[in-house]
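User: I would like to learn how to read aromatic contacts in a model. Please take me through them one at a time.

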Amino acid sequence: MINMKAIEVNLPTATTAQPNTKPDFVICSVDALGDFYFEKEKVPKEEVLSHFQQLYNANHEVRIYIRADKQAVYEGVMYMLDQARNCGIQKVGLEIKAQDAVQGGNTPGGAPPAGGAKPGP
């Protein structure tokens with residue numbers, strides 16, 4: 001899992017800087033209604049395979065992160081994963097939200113987050 005937490009900083013500029021035209025990864029989503037999205041574009045189920053094929057043809061090392069609503073049907077997630085693999089895409093991950101992010105940094109009852117230790121007296 002990639003953790004992209006960082007503080008906001010005012011970055012310096014460079015005269016030779018160029019925009020990144022090849023994103024490092026593509027977010028693919030399945031919502032609670034079973035609809036499919038590539039980034040923010042809604043894509044009909046029958047076009048999911050062709051979208052993955054376009055991504056793979058543009059970059060054989062493309063990385064896909066599948067995000068699914070917790071109410072999404074598992075079948076939709078597996079369909080998206082299967083279609084990505086059918087195109088030859090090997091770098092596929094499932095995006096999740098960390099437990100402490102869901103609960104505002106602390107667990108109920110003062111218990112430490114999973115894997116953490118509660119401070120002594």
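**Aromatic pairs and a charge over a ring**

Analyst: Y79 is partly exposed, at 22% relative accessible area (buried is under 20%, exposed over 50%, partly exposed in between; 1.4 Å probe, protein chains only). This is a predicted model, in which local features need pLDDT of at least 70 and side-chain atom pairs count only at pLDDT 80 or more, while totals for chains, interfaces and linings use all residues. Residues are numbered from 1 along each chain as its sequence is written, and side-chain values use heavy atoms, with hydrogens and water left out.

User: How many aromatic pairs does the structure hold?

Analyst: Rings of Phe, Tyr and Trp (its six-membered ring) pair if their centres lie within 6.5 Å; planes under 30 degrees apart are stacked, over 60 edge-to-face, the rest tilted. The structure holds 3 such pairs. One of them joins F36 and Y79: the centres are 5.6 Å apart and the planes at 50°, so the pair is tilted.

User: Which elements hold F36 and Y79?

Analyst: Helices (H or I, at least four residues) and strands (E, at least two) are DSSP runs, numbered from the N terminus. F36 lies in strand β2 (residues 36-38) and Y79 in helix α2 (residues 74-86), so the pair ties together parts 43 residues apart in sequence. F36 is buried, at 5% relative accessibility.

User: What charged end sits over the ring of Y79?

Analyst: A charge sits over a ring if NZ of Lys or CZ of Arg is within 6 Å of the ring centre and within 35 degrees of the ring normal. Here the charged end of K45 does so, 4.6 Å from the centre of the Y79 ring.
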